[in-house]
Amino acid sequence: MGFLKAKTSNRTIACSQRRYAARLTRDVRLLNFSLMSTSETVTFDKGPCPCGAGHIDQHVTTQDNPWSTADIAYSINCLKCSREWRLDNKTLVLRSSEAPYAAAKTAEEIARRPLQTLVRSIAVSHFSSFGARSKKAAHAELERLGLTSMSYRQYLEHVSKGGTIATAASPLRNQRWLQEVAKKQGLTEQLDNLTEALSHATKELEHASSQVVRKKSPNPSFNTDWRDKAAPAG
Ligand SMILES: [Zn+2]
């Protein structure tokens, strides 16, 4: 009985080995096939460009294998319009209208920097007198004050890279705490001024963003007549 059983199981092993070998061969063939695979791009006309002389194209690229999904890209097939407009995925953006936005974005970044520097120094100064018994206690203190989104694991990683409880703190997360600590350090006026400057720059940025001219297709399939309806034809 034992012999027969052993024989059967040997045959089973041999059989599964053959199946495995066959599967391996098939996998190698598939791999070769994928390395040699070609793609095909089909271009669809998605309607006239804003000036009407050309059109917007959609390029759908498919790989000749069943597991890749199609890549979809868009382009403006008109020299004049591609100079004036750019495509942000499926939205046409007027290039000239983006300059004030870019300037406002730079201004906002410039306004943010001194505030971040001040806030960082407030945190460093505050935590210099905080003697945590352990890393766990330091992280718990940051959580108690609502000053971090880091998990304990992330905090340990931060510390292992040379970070401290002060650099792990994001003081802007808890404005009340920040105001209190700034007051103790005699920095209220400086903090208020820099906060006000950033708030102003952020409003300017929002306004500039709203002034960027974007044309979005009302049609989910992106089939749209992009010509400006406000301008009389001809
Ligand atoms: Zn055009």
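Guide: Let's take L172, which counts as partly exposed because it has 13 C-beta neighbours inside 10 Å (buried would take 20 or more other C-beta atoms within 10 Å, exposed 12 or fewer, partly exposed is in between, with C-beta atoms placed from the backbone). Bear in mind that this is a predicted model: local features need pLDDT of at least 70, side-chain atom pairs count only at pLDDT 80 or more, and totals for chains, interfaces and linings use all residues. Numbering starts from 1 along each chain as its sequence is written.

So where does L172 sit? It's in the loop between α6 (165–168) and α7 (175–184); helices here are DSSP runs of H or I, at least four residues, numbered from the N terminus. Skipping neighbours within four places in sequence, L172 is in contact with V119 and L178, contact being C-beta atoms, placed from the backbone, within 7 Å. L115 is 57 residues away from L172 in sequence, yet their C-alpha atoms are 9.8 Å apart.

Now for the wider surroundings. The largest nonpolar core has 15 residues, and I122, A123, I165 and A169 have the most contacts inside it; such a core is a set of buried Ala, Val, Leu, Ile, Met, Phe, Trp, Tyr and Cys residues joined through C-beta atoms within 7 Å. Two or more residues each come from α3 (99–127), α4 (135–144), α6, α7 and α8 (188–211), with α3 giving the most, 4 residues. As for A123, its contacts beyond four places in sequence are A166, A169 and P171.

Key:
Contact = placed C-beta atoms within 7 Å.
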